[in-house]
Amino acid sequence: MTVEPFPQWLRPPPGGFVAEDLDRLPDLPPHTELIDGSLVFVSPQSKFHRLANVLLDAGLRRFVPAHLRVRGEMTVTLDRNQRPEPDVIVVFADRDGDHDQTGYQAEDVVLAVEIVSPESRTRDRERKPQLYAKAGIAHFWRVENVDGRPVVYVYELDPASGVYALTGIHHDRLKLTVPFEIDIDLTEIDRL
């Protein structure tokens, strides 16, 4: 049995990878993220993850005001060594860029959404919220799978402490007034 040699780009440079490397490294797997200077390769999605993503993306698009846009599968540069890829983001329309754009800056993002997967549980629950808060992203949602249904944990950045405060846990319906009026029937996942 022969083992393929590692591609040279898989070896991190001294000090780790930087945000720009995601655009320069050849043949990176789709949805590669940069967390703490290390490349993170995404595992295959579960059916729940995909359906929750579709549900929230479509729901947000129904309510998003004209000055905002809903995007998915795009990275967000938070600093030199941090370029995660939230599952869904809401960005300012005037910062949406052109069709060749490969990511956004933290200041472009109003809301970051992470749908928790078993292999990314610690990153989605702990590390990414820390990074998003530190970068000043005002709103963060964490979506958990509870018996096949999405439960959405809604957080808002506390400007005094610079960390997220939990503002609600939503089981069957996600009804909010910030960052804009939203009313999403989470049980719709059963009909997707």
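Biologist: Which strands does helix 2 lie across, and at what angle does helix 2 run to strand 7?

Modeller: In this predicted model, helix 2 lies across strand 3, strand 5 (88–92), strand 7, strand 8 and strand 9, and the angle to strand 7 is about 155°. Helices (H or I, at least four residues) and strands (E, at least two) are DSSP runs numbered from the N terminus, contact means heavy atoms within 4.5 Å, and angles, from 0 to 180 degrees, are taken between N-to-C directions of lines fitted to C-alpha atoms, for helices over the stretch in contact.

Biologist: Which strands does helix 3 touch where helix 3 packs on the sheet?

Modeller: Helix 3 touches strand 7, strand 8, strand 9 and strand 10, and the direction of helix 3 makes about 170° with that of strand 8.

Biologist: In what order do the six strands of the open sheet stand?

Modeller: The order is 3-5-7-8-9-10, and the pairing in this open sheet is mixed, where two strands pair if DSSP finds at least two bridges between them. From one strand to the next, the twist averages 20°.

Biologist: Why is one side of strand 3 and of strand 10 left without a neighbour in the sheet?

Modeller: Strand 3 (68–72) and strand 10 (163–170) are at the edges and have a single partner strand each, so one side of each has no neighbour in the sheet.

Biologist: How many bridges join strand 8 to strand 9, and do these strands run parallel or antiparallel?

Modeller: Strand 8 (residues 139–146) and strand 9 (residues 149–158) run antiparallel and are joined by eight bridges; Trp141 stands opposite Val154 of strand 9. Residues are numbered from 1 along each chain as its sequence is written. Local features need pLDDT of at least 70, side-chain atom pairs count only at pLDDT 80 or more, and totals for chains, interfaces and linings use all residues, while side-chain values use heavy atoms, leaving out hydrogens and water.
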